[in-house]
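Trainee: I have a model open and some terms to check. Can we go through them one by one?
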Amino acid sequence: VQLQASGGGLVQPGGSLRLSCVASGSIFTINAMGWYRQAPGKQRELVAIMSNDGTSRYIDSVKGRFTISRDNVKNTVFLQMNILKPEDTAVYYCNVPGEGTDYWGQGTLVTVSS
């Protein structure tokens, strides 16, 4: 599975961004798609993930502000990020859990700053 993410950038606190990630390759093996992030000096953490059945879960710090969605026809996962805070600043990675290994996109930088 290959993943191509896009949509990062610089935004002011309180603003919004939408990340996209397109999957290609062995897409028939995909059971879930999600987003992780890694802030400077911190460990990578799961932000949100959505299973093929539409079930989703979020890290507590983004609940009510971020929404994950999928377009299964286009093999794309989105992360709508609203009411962004400086602490959301990180490199965001698209992820597909796999058998024995996970697949990762190249990362897209989100900077929340005034």
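Trainee: What makes Lys63 and Asp60 a salt bridge?

Mentor: This is a predicted model, so we work from its computed atoms. The closest N and O atoms of Lys63 and Asp60 are 2.9 Å apart. The cut-off is within 4 Å, so the pair counts as a salt bridge.

Trainee: Why is Asp60 called exposed?

Mentor: Its relative accessible area is 61%.

Trainee: Why is Arg37 called buried, but Glu45 partly exposed?

Mentor: Buried means under 20%. Arg37 has 5%, so Arg37 is buried. Glu45 has 30%. That lies between the 20% and 50% cut-offs, so Glu45 is partly exposed.

Trainee: What makes the pair of Asp88 and Arg65 tie parts of the chain together?

Mentor: Their side chains meet in a salt bridge, 2.7 Å from N to O. Asp88 lies in the loop between strands E8 and E9, and Arg65 in the loop between E6 and E7, so the pair links parts 23 residues apart in sequence. Asp88 is buried at 1%, and Arg65 is buried at 8%. Salt bridges with shared partners join Arg37, Glu45, Arg65 and Asp88 into one network.

Trainee: Why are E1 and E3 called paired strands?

Mentor: Pairing needs at least two bridges, and E1 and E3 have five, so they pair, in the antiparallel sense. Ala5, for one, has Cys21 in E3 as its bridge partner.

Conventions
Residues numbered from 1 in each chain as written. Predicted model: local features only at pLDDT ≥ 70, side-chain atom pairs only at ≥ 80, totals over all residues. Heavy atoms only, no water. Helix = DSSP H or I, 4+ residues; strand = E, 2+ residues; numbered from the N terminus. Buried < 20%, exposed > 50% of the residue type's maximum accessible area, 1.4 Å probe, protein only.
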